Amino acid sequence: MEIKQVFDMVITLEGRLGSQYLLLSLLLLAAWEEGSGQVQYSVAEESKHGTFVGRIAQDLGLELAELVPRLFRVASKGHGDLLEVNLQNGILFVNSRIDREELCGRSAECSIHLEVIVDRPLQVFHVEVEVKDINDNAPVFRLKEQRVLIYESRLPDSMFPLEGASDADVGSNSLLTYKLSSSEYFALDVKTNSDDNTQIGLVLRKSLDREEAPEHNLLLTATDEGKPELTGTVQLLVTVLDVNDNAPSFEQTEYEVRIFENSGNGTIVIRLNASDRDEGVNGEISYSFNSLVPTMVRDQFRIDPNTGEIVTKGNLDFEKLNLYKIRVDATDKGHPPMAGHCTVLLKVLDKNDNVPQIALTSLSLPIREDAQLGTVIALISVSDLDFGANGQVTCSLTPHVPFKLVTTFKNYYSLVLDSALDRESVANYELVVTARDAGSPSLSATASVSVEVADVNDNAPAFAQPEYTVFVKENNPPGCHIFTVSARDADAQENALVSYSLVERRVGERALSSYVSVHAESGKVYALQPLDHEELELLQFQVSARDAGVPPLGSNVTLQVFVLDENDNSPALLPRPGAGGGGAVSELVSRSVGAGHVVAKVRAVDADSGYNAWLSYELQPAAGGARSPFRVALYTGEISTTRTLDEADSPRQRLLVLVKDHGEPALTATATVLLSLVESGQAPKASSRVLAGAAGAQTALVDVNVYLIIAICAVSSLLVLTLLLYTALRCSAPPAEGACAPGKPTLVCSSAVGSWSYSQQRRHRVCSGEGPPKTDLMAFSPSHPPCLVVGDMSEQQDLNDEHCAKLF
């Protein structure tokens with residue numbers, strides 16, 4: 001290679017790599033000038049990939065264009081991948097990481113030998129690449145921690161050898177200096193032998209005390225002289241060995257311990273922990289009770305000699321003894337042994353193990369239902385054998401009303417009345433007194449108190465309703481049971497014993513007691529004599545119920561007894577107005593009258609009422625079966641002609657009219673009507689008189705019917721209004737059944753022609769003795785059976801036929 005090429009290479013290296021490669025380039029130039037024929041390069045370890053090493057093709061005198069055709073290649077034994085040649089520019093560069101310590105270890109010189117082979121023709125070149133050391137390894141100690149054992153009795157200036165550090169680098173990078181962390185007890189001694197072997201040691205500067213400082217932690221630092229400096233450290237653990245120069249000691253001279261009573265056998269009371277500043281057998285401690293501990297304590301407790309645990313041997317009872325004083329010794333096993341002492345004050349704590357007790361010291365029972373508020377019923381005392389909150393007892397009452405508990409003194413209570421009593425609502429109270437302590441969990445006890453409420457006569461007998469309506473058929477047998485009154489008294493015993501009596505009064509001219517009576521105990525009402533509907537339709541009276549209390553209380557109930565009619569009266573014939581008292585009706589009839597002419601009228605009444613007073617008239621057939629030219633109206637009794645009279649008719653006509661009511665069974669009466677047939681010229685006066693009488697009767701009947709209609713409307717309206725009010729205010733009770741049960745009223749419905757019947761006017765007084773005379777008015781229907789209705793009611797019917805209705 002020419003000098004000019006070498007010089008150009010040096011200039012290039014200087015420009016690209018800087019001054020740090022100038023020396024290397026000069027060395028290469030000098031080696032080339034010597035004509036050794038071997039190319040040498042140098043590279044620092046740990047250089048990055050692609051770091052320039054040298055222009056190997058140029059330095060070997062090879063053209064760049066020949067490298068590929070001549071199969072230029074580089075080979076290295078064991079290090080072929082560390083360096084590589086770029087065939088495009090012929091530069092040798094770092095291909096992978098180079099670690100000098102890995103290649104050459106501690107050797108002072110380290111290089112990589114390369115063989116450069118070129119074919120066509122074959123040439124072999126040798127290239128040496130020196131690997132330069134850099135300070136990339138810090139000093140390393142073999143152990144992370146070095147332990148040094150020193151008895152606390154060693155004297156100052158004693159020395160203890162240490163192991164030094166090593167550095168994988170070479171030269172100045174491996175020269176080490178040592179430094180020890182600050183310590184008042186130790187110093188570092190470093191000595192270098194003739195073979196540059198450094199020995200270090202630890203020098204004791206001050207006497208040690210294991211009990212004061214059993215260990216000393218020091219830090220030893222080794223620093224190399226590389227640039228930059230690297231350091232390594234090791235932890236020095238100095239352990240001070242013990243001698244028996246300390247007695248065991250407790251943390252406290254006196255311990256205060258609390259334990260609950262009833263703790264089971266083997267319960268740990270306390271674990272004592274004595275410490276001995278010595279170690280080993282010098283620090284091994286054995287625990288025991290002091291010889292002065294009384295036998296009572298030894299019987300109740302024991303101590304474990306190894307662990308120092310004091311445990312119970314039996315159950316503790318706070319109520320017997322609540323404080324124990326125990327002295328304990330702790331002795332080590334050194335030579336000679338040393339001992340320490342402490343006292344354990346054991347306080348037994350109360351446990352809520354006693355249930356409260358309840359005592360009823362006084363009872364004032366039963367209590368009257370009219371007792372005043374605040375009346376004391378019972379005195380209650382409670383107690384609890386426990387202590388503190390476990391012995392604090394409070395009482396409660398269930399249910400709360402109408403009683404309450406009042407505190408009178410500590411643990412004493414009074415059961416007092418808190419609100420008014422009513423025996424009729426509640427006759428007996430089952431109270432539960434609960435005593436509960438304040439422990440956790442709390443305990444409780446209960447006591448039952450049965451409070452009986454004594455009756456006071458504060459309730460009068462009461463009937464289910466203030467008024468009853470009773471229906472009784474007339475002609476009842478004497479002593480017939482017609483009804484039963486019943487009053488209930490909410491009180492008890494004699495206060496609820498009810499007796500019945502009549503409220504005496506006058507019924508007309510007679511006393512009420514002559515009509516009815518009431519049984520004092522059962523309340524049964526009896527009719528003492530047969531009742532007559534025609535004499536007395538309504539009997540109204542009061543029954544009194546009184547209890548046997550002191551003072552007695554009572555109330556009244558009103559009974560309205562309606563006497564129902566029975567068909568016990570036959571129809572009675574009435575004489576013709578202006579006629580004599582004979583039973584036969586005589587009339588003169590002109591033969592010239594036409595068909596339908598009224599020639600006579602049969603009048604009859606019935607003392608009964610309603611259906612039993614409804615009368616009908618029938619004409620009995622003539623003797624021999626001859627057909628009569630006359631007929632009688634079914635309900636009015638008017639006798640009229642059925643055809644025109646002629647000469648063949650007998651001048652003397654005798655008619656027999658049967659009057660019948662509608663009772664069960666029906667009762668009848670017979671009326672005889674004598675008719676004399678005369679010529680029209682022979683009896684003008686009679687005819688005039690008859691016509692005048694008929695006209696007068698017709699006029700009177702019209703007047704009566706007008707008044708009848710007005711009276712019927714007024715009475716019906718008043719009756720309907722009364723019944724509506726009565727129904728709204730009262731509930732009708734069913735009549736009692738007996739040997740002579742009350743009958744039901746009969747409602748007679750209207751006939752197909754709307755006819756009405758009447759009964760004879762009867763003037764009498766009702767049972768109340770007040771009001772005007774009562775007129776019976778019933779509606780009839782001949783084509784339908786009577787309708788039976790329970791209760792006192794009235795049916796309003798249409799009035800269509802005024803000829804058949806009469807009011808008496």
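## A salt bridge between Lys601 and Glu638

Lys601 and Glu638 pair up in a salt bridge, with 4.0 Å between the closest N and O atoms. This pair links distant parts of the chain: Lys601 sits in strand E45 (residues 598-601) and Glu638 in strand E49 (residues 638-641), 37 residues apart. Keep in mind as you look around that this is a predicted model.

How buried or exposed are the two partners? Lys601 has 19% relative accessibility, so Lys601 counts as buried. Glu638 comes out at 26% relative accessibility and therefore counts as partly exposed.

Strand E49 also holds Ser640. With 9% relative accessibility, Ser640 counts as buried. Leaving aside residues up to four places away in sequence, Ser640 touches Gly596, His597, Val598, Val599, Pro629, Phe630 and Arg631.

## Other salt bridges

Side chains of opposite charge can pair when their charged atoms come close. In this structure there are 24 salt bridges. One of them joins Asp119 to Arg73, whose closest N and O atoms are 3.0 Å apart. Asp119 counts as buried because its relative accessibility is 17%, while Arg73, at 39%, counts as partly exposed.

Then there's Lys347 with Glu256, another salt bridge, at 3.3 Å from N to O. Lys347 belongs to strand E23 (residues 339-349) and Glu256 to strand E16 (residues 254-260), so the pair ties together parts that are 91 residues apart in sequence. Lys347 is partly exposed at 32% relative accessibility, and Glu256 is partly exposed at 44%.

## Around Asp332

Asp332 is part of strand E22 (residues 323-332). Is this residue buried or exposed? Its relative accessibility is 3%, so Asp332 counts as buried.

What does Asp332 touch, not counting residues up to four places away in sequence? The contacts are Asn244, Asn246, Ala247, Pro248, Asp276, Asn282, Glu284, Ile285, Pro337 and Met338. The side chain of Asp332 reaches the backbone nitrogen of Met338 at 2.7 Å. A polar atom of that side chain also lies 3.4 Å from the backbone nitrogen of Gly334. As for Gly283, its C-alpha is 5.8 Å from the C-alpha of Asp332, although the two residues are 49 apart in sequence.

## Aromatic pairs

There are 10 aromatic pairs in the model. Phe250 and Tyr287 make a tilted one, with ring centres 6.3 Å apart and 50 degrees between the planes. Phe250 is in strand E15 (residues 249-250) and Tyr287 in strand E19 (residues 285-289), so to speak a link between distant parts of the chain, 37 residues apart. Both Phe250 and Tyr287 are buried.

Rings also gather into a cluster: ring pairs link Tyr611, Trp614 and Tyr635.

## A nonpolar patch

Which residues form a nonpolar patch on the surface? They are Leu360, Leu363 and Leu365, and together they have about 230 Å² of accessible area. Leu365 is in the loop between strand E24 (357-363) and strand E25 (367-368). At 33% relative accessibility, Leu365 is partly exposed.

Most residues other than glycine have a negative phi, and most peptide bonds are trans. A few spots here go the other way. The peptide bond from Arg120 to Pro121 is cis, with omega near -10 degrees, and Pro121 is in the loop between E6 and E7. From His335 to Pro336 the peptide bond is cis too, with omega near -5 degrees. Pro336 sits in the loop between E22 and E23.

Positive phi values turn up at Glu46, near 65 degrees, and at Asn475, near 65 degrees. Glu46 is in the loop between strand E1 (39-44) and strand E2 (52-54), and with a relative accessible area of 28% Glu46 is partly exposed. Asn475 lies in the loop between strand E33 (467-473) and strand E34 (480-484). Asn475 counts as partly exposed because its relative accessibility is 40%.

Technical notes. Residues are numbered from 1 along each chain as its sequence is written. This is a predicted model: local features need pLDDT of at least 70, side-chain atom pairs count only at pLDDT 80 or more; totals for chains, interfaces and linings use all residues. Side-chain values use heavy atoms; hydrogens and water are left out. Helices (H or I, at least four residues) and strands (E, at least two) are DSSP runs, numbered from the N terminus. Buried means under 20% relative accessible area, exposed over 50%, partly exposed in between (1.4 Å probe, protein chains only). Contact means heavy atoms within 4.5 Å. A polar contact is a pair of N or O atoms within 3.5 Å; within protein, one must be able to donate a hydrogen and the other to accept it, and residues adjacent in sequence count only if both atoms are side-chain atoms. Patches are made of residues with over 30% relative accessible area and no salt bridge: like charges are joined within 9 Å, nonpolar side chains (Val, Leu, Ile, Met, Phe, Trp, Tyr) within 5 Å. Accessible areas come from the Shrake-Rupley method with a 1.4 Å probe; for residues, only the protein chains shown count as cover. A salt bridge is a side-chain nitrogen of Lys or Arg within 4 Å of a carboxyl oxygen of Asp or Glu. Rings of Phe, Tyr and Trp (its six-membered ring) pair if their centres lie within 6.5 Å; planes under 30 degrees apart count as stacked, over 60 as edge-to-face and the rest as tilted.
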